[in-house]
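Reader: Please walk me through this model, one feature at a time.

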Amino acid sequence: MASVFRSEEMCLSQVFLQVEAAYCCVAELGDLGLAQFKDLNANVNSFQRKFVNEVRRCESLERILRFLEDEMKDEIVIQEPEKYPQTPLPRDMIDLEKLEGELQGANLSQQALKKSFLELTELKHLLKRPRLLRALSAPSGGGGEGGPGCPLMPPATVPPRFTAGVIQRERLPPFERLLWRACRGNVYLRHSEMDAALEDPVTKDKIKKNSFIIFYQGEQLKQKIQKICDGFRATVYPCPEAASERREMLAGVNTQLEDLNAVITQTESHRQQLLQEAASSWRIWGIKVQKMKAIYHVLNSCNIDVTQQCVIAEIWFPQADAARIKKALELGVERSGSSIAPILTAVPTKAAPPTFNRTNRFTAGFQNIVDAYGVGCYREMNPAPYTIITFPFLFAVMFGDSGHGAVMLAFALWMVLNEKTLLSQKNTNEIWSTFFGGRYLILLMGIFSIYTGFIYNDCFSKAVNIFGSSWSVRHMFLNDVEANLFLQLDPAVPGVFSGNPYPFGIDPIWNVASNKLTFLNSYKMKMSVVVGITHMVFGVVLSLFNHIYFRKTADIILQFIPELIFILSLFGYLVFMIIFKWCRFDVHSSQHAPSILIHFINMFLFNYNDPGNGPLYGPQREVQSFLVVMALISVPWMLLFKPFILRAHHRKTQRMVRAGRGGTTVGRGGDPRDREGQAHGFLAVGLPVTARVLTLQFSFGDVFVHQAIHTIEYCLGCISNTASYLRLWALSLAHAQLSEVLWTMVMSIGLNRDGWAGLVGVFIIFAVFAVLTVAILLVMEGLSAFLHALRLHWVEFQNKFYVGTGYKFAPFSFGYILDGNSEV
């Protein structure tokens with residue numbers, strides 16, 4: 001079973017597949033989602049790869065799906081599949097291409113029929129206009145029915161000709177003016193509005209049109225009128241002069257309209273059946289096309305041998321899943337019907353493997369926090385398991401309020417208990433997705449906030465007296481207690497303090513004390529220092545496990561030990577003094593307790609003759625002097641020893657190479673941890689390595705500068721990081737004060753009112769209090785505490801042991817592709 005504290009052990013293997021079986025084998029690996037393919041054709045243009053035509057076909061299928069979606073629009077609801085379909089074979093998508101052809105044919109037929117229907121409808125309206133056609137027998141009237149504007153034609157012996165048609169209403173005024181100017185007033189125009197708006201067969205927009213009739217004389221005017229009608233896209237219809245012929249034509253038009261209407265209805269019914277068929281399978285087709293396209297993209301990253309009969313691929317996969325990879329390849333060969341079994345062989349490499357940390361729904365959020373800082377190097381310690389506890393705890397130290405934590409816990413429990421329902425909704429809102437993705441993190445933050453809230457004895461800024469206070473005023477002020485505004489409780493007076501501390505958390509009497517802030521300042525500041533230094537020391541200790549695993553003996557002796565000595569000699573001793581003072585001095589001797597801060601400053605000055613600050617314990621001078629000297633020794637220990645030892649080791653190796661005594665080969669028969677240690681940029685003292693590796697250029701200056709930067713950064717970082725943990729104290733006090741201000745300025749107003757007005761007002765004020773609590777204390781303060789906890793983990797904790805310069809394992813997985821998270 002793979003360890004959760006390190007990334008999975010990875011294996012690079014070469015796969016040999018028959019061309020006919022390659023598609024099915026890659027499909028099975030995509031369903032499994034545990035293999036990352038290397039691009040073996042990185043230098044080949046995308047348009048020159050083997051399966052570029054298949055990718056183009058997939059893009060054509062995507063175009064067909066978009067066409068079907070546009071046709072359905074909002075008229076037909078697309079059905080969702082119950083489960084993802086199996087990866088199709090390329091020949092299975094012919095049905096989709098056939099459906100497109102049928103639907104396009106139905107659309108073209110319907111468009112042609114509607115165009116004919118529109119023309120007949122326009123002719124029908126033209127023939128049914130008696131007032132317009134009355135001019136055929138008496139064209140001597142005034143202006144058109146649509147309005148004056150065209151003059152009368154001069155009398156002539158030759159009967160006038162005419163042209164009748166239909167034009168869009170907005171084009172009629174410029175059409176009329178152009179006729180007048182082009183024909184020089186030698187035409188007579190009458191027009192009439194059509195009552196109903198007609199539907200355009202192409203755009204399906206409603207169009208308002210006018211029917212018109214133009215009288216003229218001469219062949220030249222006819223040609224001009226015809227060109228003007230064509231220019232304005234006016235439709236000209238043949239119209240007989242005799243009324244009887246017009247009636248006969250109208251009857252024929254009505255018959256054709258009835259026949260066309262029946263045919264259009266049948267065509268639309270057939271089209272709707274095709275769309276219903278498409279709607280039932282549209283999602284399934286979309287998934288199948290995505291899978292096909294992804295498979296061909298992967299195949300384009302593989303090599304084809306010179307015989308064009310074998311596909312060669314290189315894949316990274318976890319060693320623990322080797323059997324599953326082989327099983328998936330065998331299933332792919334069986335599905336393709338091939339008789340040649342796939343060949344899977346391990347490939348030795350010096351390339352750094354990808355980092356793969358297995359996660360589940362609970363640990364995924366914490367692993368994302370770590371990966372946001374940087375993906376870990378291969379097989380180095382993973383901070384995520386420790387972050388599961390330390391992150392919500394540090395958040396709760398700053399957010400500590402049992403009431404606010406209970407609200408946060410209730411919200412997280414609602415998301416966790418309704419997890420399946422909320423996942424099925426597939427909400428695309430980014431803010432909601434962030435909250436839902438971190439539901440287990442919020443759950444733990446709520447639990448830890450309740451815990452620290454009980455320690456602080458703080459619930460919506462109020463203390464809860466569960467066990468009874470250990471303080472009493474009765475023995476100090478037996479008389480006239482109410483006359484004193486401030487009562488100083490002296491624990492030295494018998495009976496004032498029982499001697500037993502509050503069983504859990506802070507005594508509730510501090511909630512009403514005037515020096516409450518002073519006490520909490522001291523308490524939370526010291527607690528922040530203790531928690532912060534413990535957190536940093538834990539990070540330094542974790543670096544030891546990295547050194548041991550990668551067999552970097554030099555780093556253990558020359559880096560880890562001086563780092564640990566430095567931080568424990570100074571800041572570990574500070575934690576010791578804080579805890580020792582808490583245990584050494586009680587309420588009776590607290591007035592004589594020395595200042596830890598003064599002792600810590602005098603420790604560096606070697607000043608032990610301060611009359612105002614007594615010693616904490618007897619041999620304090622000797623212990624502190626020894627610790628300062630050890631801290632000073634550890635600095636050159638870190639700075640100087642490692643570069644000189646590495647240079648001496650390099651020179652020794654060069655002499656061995658010249659003498660013909662090469663070392664052991666690394667990469668084929670050696671331990672993989674040796675390669676991993678070198679991949680981190682370190683060379684372990686005494687490790688067997690190949691002569692070719694050891695004869696690489698060694699720059700003493702670069703190594704020395706790197707070590708100097710690391711030493712300065714670590715020593716100064718211990719100081720600055722310790723100060724950085726004081727944010728735990730600052731944000732905890734800020735949250736408590738904001739909570740108290742909100743209670744005093746809002747909630748207490750409603751609780752202090754009497755009568756019916758107070759009864760009604762308390763509900764309104766409580767609503768305001770609840771909204772402000774959620775908006776300010778839960779959302780804003782919660783986000784602030786989250787960001788500060790994030791910084792403490794990224795900067796103060798992880799930089800002690802976590803390199804974070806690796807690259808993430810990105811397997812070829814249909815699940816990632818269909819969810820939109822693919823990195824392939």
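Reader: Where is Asn457 found?

Author: Asn457 sits in the loop between helix 14 (439-456) and helix 15 (516-549). Helices are DSSP runs (H or I, at least four residues), numbered from the N terminus. This is a predicted model, where local features need pLDDT of at least 70, side-chain atom pairs count only at pLDDT 80 or more, and totals for chains, interfaces and linings use all residues. Residues are numbered from 1 along each chain as its sequence is written, and side-chain values use heavy atoms, without hydrogens and water.

Reader: How do I read phi of Asn457?

Author: Most residues other than glycine have a negative phi. Phi of Asn457 is near 55°, a positive value.

Reader: Is Asn457 buried or exposed?

Author: Asn457 counts as buried because its relative accessibility is 10%. Buried means under 20% relative accessible area, exposed over 50%, partly exposed in between (1.4 Å probe, protein chains only).

Reader: What is phi of Phe606?

Author: Phi of Phe606 is also near 55° and positive. Phe606 lies in the loop between helix 17 (596-605) and helix 18 (620-658). At 42% relative accessibility, Phe606 counts as partly exposed.

Reader: Which residues touch the most other members of the largest nonpolar core?

Author: In soluble globular proteins, nonpolar side chains tend to be buried together. A nonpolar core joins buried Ala, Val, Leu, Ile, Met, Phe, Trp, Tyr and Cys residues through side-chain atoms within 4.5 Å. Here the largest has 76 residues, and Ile533, Phe566, Leu574 and Leu728 touch the most other members. Helix 16 (residues 553-584) gives the most to this core, eleven residues.

Technical notes: Helices (H or I, at least four residues) and strands (E, at least two) are DSSP runs, numbered from the N terminus.
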